[in-house]
Amino acid sequence: MRYGKQLGGYVSKSQLMEIEGFPEEALEYITIEGSPTRINLNKLSLSQLRKHPYINFYQAKEITDLHRKNGSLKSLDDLRFSRQFTASDLKRLEPYVEF
């Protein structure tokens with residue numbers, strides 16, 4: 001439950017497999033409902049961004065540096081040329097961020 005809270009909620013059952021020791025056979029009994037809590041990338045500090053399981057220190061630093069240098073981020077596309085983010089990182093983050 002703690003991981004789900006840190007994440008902001010689940011958007012797919014496959015995310016449950018990110019939890020160490022989660023039994024795969026339990027997936028068939030779980031339903032995912034509701035929408036996840038979103039974080040505003042333009043309003044959070046490096047340490048606040050870092051708390052999200054899908055954002056590591058270097059990614060949080062990149063976000064805060066880009067925000068400081070270029071102003072508010074408009075979308076995840078603003079991060080697509082960053083070395084810190086892969087296309088899969090951005091896709092995974094998409095349901096959890098707002099601007």
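**Reading the largest pocket**

Analyst: Gladly! Keep in mind that this is a predicted model. Let us start with the pocket: the residues lining the largest pocket are K5, Q6, L7, G8, T37, I39, L44, Q48, K51 and H52.

User: What volume does the largest pocket have?

Analyst: The volume of the largest pocket is about 180 Å³.

User: Which helix gives the most to the lining of the largest pocket?

Analyst: That is helix α1, residues 2-7, which contributes three residues.

User: Now a single residue. Is Q59 buried or exposed?

Analyst: The general idea is to compare the relative accessible area with a cut-off: buried means under 20%. Q59 has a relative accessible area of 4%, so Q59 is buried. This residue sits in helix α3, residues 57-70.

User: Which residues is Q59 in contact with, leaving aside its neighbours within four places in sequence?

Analyst: Q59 touches Y54, Q84, F85 and D89.

User: And how many helices and strands does the protein chain have?

Analyst: There are four helices and two strands in the protein chain, and reading along the sequence gives the pattern α-β-α-α-α-β. The C-alpha trace spans about 45 × 25 × 20 Å along its principal axes.

User: What share of the protein chain counts as buried?

Analyst: Of its 99 residues, 33% are counted as buried. The protein chain exposes about 6,900 Å², with carbon and sulfur atoms supplying 50% of that area.

Methods:
Residues numbered from 1 in each chain as written. Predicted model: local features only at pLDDT ≥ 70, side-chain atom pairs only at ≥ 80, totals over all residues. Heavy atoms only, no water. 1 Å grid on protein atoms, 1.4 Å probe; cavity = no way out; pocket = protein on both sides within 12 Å on 5 of 7 lines; lining within 4 Å. Points joined across faces, edges and corners; volume = space filled by probe spheres on them. Buried < 20%, exposed > 50% of the residue type's maximum accessible area, 1.4 Å probe, protein only. Contact = heavy atoms within 4.5 Å. Areas by Shrake-Rupley, 256 points an atom, 1.4 Å probe, with all protein chains shown as cover.
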